[in-house]
Amino acid sequence: MLKLYYSPGACALASHIAFEEAGADYEGVKIDLKKGEQKTPEYLAVNPAGVTPALETDHGVLTENAVIMPWIADRHPEKNLVPKDAFERAKMDSFNGWAGASLHPALGRLMFSRPPLDGEAKEAALKTVKDKLALAEQHLLKGPFVMGDQYTVADGYLSVFTRWSRQAGILDAGDYPKLNAHLDAVQARPAVQRALKAQGIEPVDG
């Protein structure tokens with residue numbers, strides 16, 4: 001049995017969504033970041049980096065959403081969760097790399113810094129996030145899904161960060177109509193609703 005370690009609402013939600021979209025057999029294991037469970041010896045034995053997601057497989061442990069999501073999709077090709085064309089697949093991988101290495105840390109700095117940012121530091125962090133959301137809105141999100149008409153694992157990944165942005169009051173409908181429509185469409189999918197329910201969280205309404 002595949003075992004996915006996640007923290008509710010955190011970025012591992014993307015891999016959780018991929019499992020539900022694939023209809024795969026797996027076990028979800030909740031790691032409470034607020035309680036520091038990611039730093040316990042038991043979890044560090046799974047992922048020494050002390051972060052989620054981590055996926056236990058028969059071959060060992062995989063980490064990083066950008067790796068786990070397409071791995072799940074490749075095991076279930078009938079679900080069409082990744083592009084079949086090699087170049088389009090590379091474009092999807094490029095988007096996921098940007099989401100994980102650029103958008104995620106920008107939002108993390110703004111929303112989760114301890115102590116919280118204030119003053120000029122907060123304003124600068126907010127501008128960085130808005131610039132990255134604008135890049136996605138204007139250039140990276142083809143519409144209606146990241147890759148165009150085909151839903152892929154990239155859509156679940158993007159929705160994690162637009163959820164955060166909406167929760168923080170950043171995802172203004174006037175500035176980001178495509179991103180808001182995308183988030184609503186993703187959250188309406190039955191597989192996504194199952195993943196949210198499994199994590200004990202609700203869709204974020206606009």
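Modeller: In this predicted model, the second largest pocket holds about 210 Å³ of space.

Colleague: Which elements give two or more residues to the lining of the second largest pocket?

Modeller: They are H4 and H5. H4 gives the most, with 4 residues. The lining includes Lys-91, Trp-98, Leu-135 and His-139.

Colleague: What makes a residue such as Trp-98 or Met-147 part of the lining of the second largest pocket?

Modeller: A lining residue must have an atom within 4 Å of a pocket point. Trp-98 and Met-147 are among the residues that line the second largest pocket, so each meets that limit.

Colleague: How do the residues of this lining divide into nonpolar, polar and charged?

Modeller: The division is 6 nonpolar, 2 polar and 2 charged. Lys counts as charged, so Lys-91 and Lys-142 of this lining belong to the charged class.

Colleague: What is the volume of the largest pocket, and which residues lie nearest its centre?

Modeller: The volume of the largest pocket is about 630 Å³. Its lining has 20 residues, with Ser-7, Pro-8, Ala-10, Leu-33 and Phe-112 nearest the centre. H4 and H6 are the elements that give two or more residues to this lining, and H4 supplies the largest share, 4 residues. By class, the lining has 9 nonpolar, 7 polar and 4 charged residues.

Colleague: Why is Glu-64 called partly exposed?

Modeller: The relative accessible area of Glu-64 is 49%. Exposed requires over 50% and buried under 20%, so Glu-64 falls in between and is partly exposed. Glu-64 is found in the loop between strand S4 (60-63) and helix H3 (65-75), and has a positive phi of about 80 degrees although it is not a glycine.

Colleague: Why does Asn-80 receive the label partly exposed?

Modeller: Its relative accessible area is 34%, a value between the limits of 20% and 50%, and therefore Asn-80 is partly exposed. Asn-80 lies in the loop between H3 and H4. Although not a glycine, Asn-80 has a positive phi of about 55 degrees.

Colleague: What is the omega of the peptide bond that joins Arg-114 and Pro-115, and where is Pro-115 placed?

Modeller: Omega is about 0 degrees, and the bond is cis. Pro-115 sits in the loop between helix H4 (86-112) and helix H5 (119-140). The peptide bond from Gly-143 to Pro-144 is also cis, with omega near 0 degrees. Pro-144 is in the loop between H5 and helix H6 (153-167).

Note on methods:
Residues are numbered from 1 along each chain as its sequence is written. This is a predicted model: local features need pLDDT of at least 70, side-chain atom pairs count only at pLDDT 80 or more; totals for chains, interfaces and linings use all residues. Side-chain values use heavy atoms; hydrogens and water are left out. Buried means under 20% relative accessible area, exposed over 50%, partly exposed in between (1.4 Å probe, protein chains only). On a 1 Å grid over the protein atoms alone, a cavity is a set of points where a 1.4 Å probe fits but cannot get out, and a pocket is an open set with protein on both sides within 12 Å along at least five of seven lines; lining residues have an atom within 4 Å of a point. Grid points are joined across faces, edges and corners, and a volume is the space filled by probe spheres set on the points.
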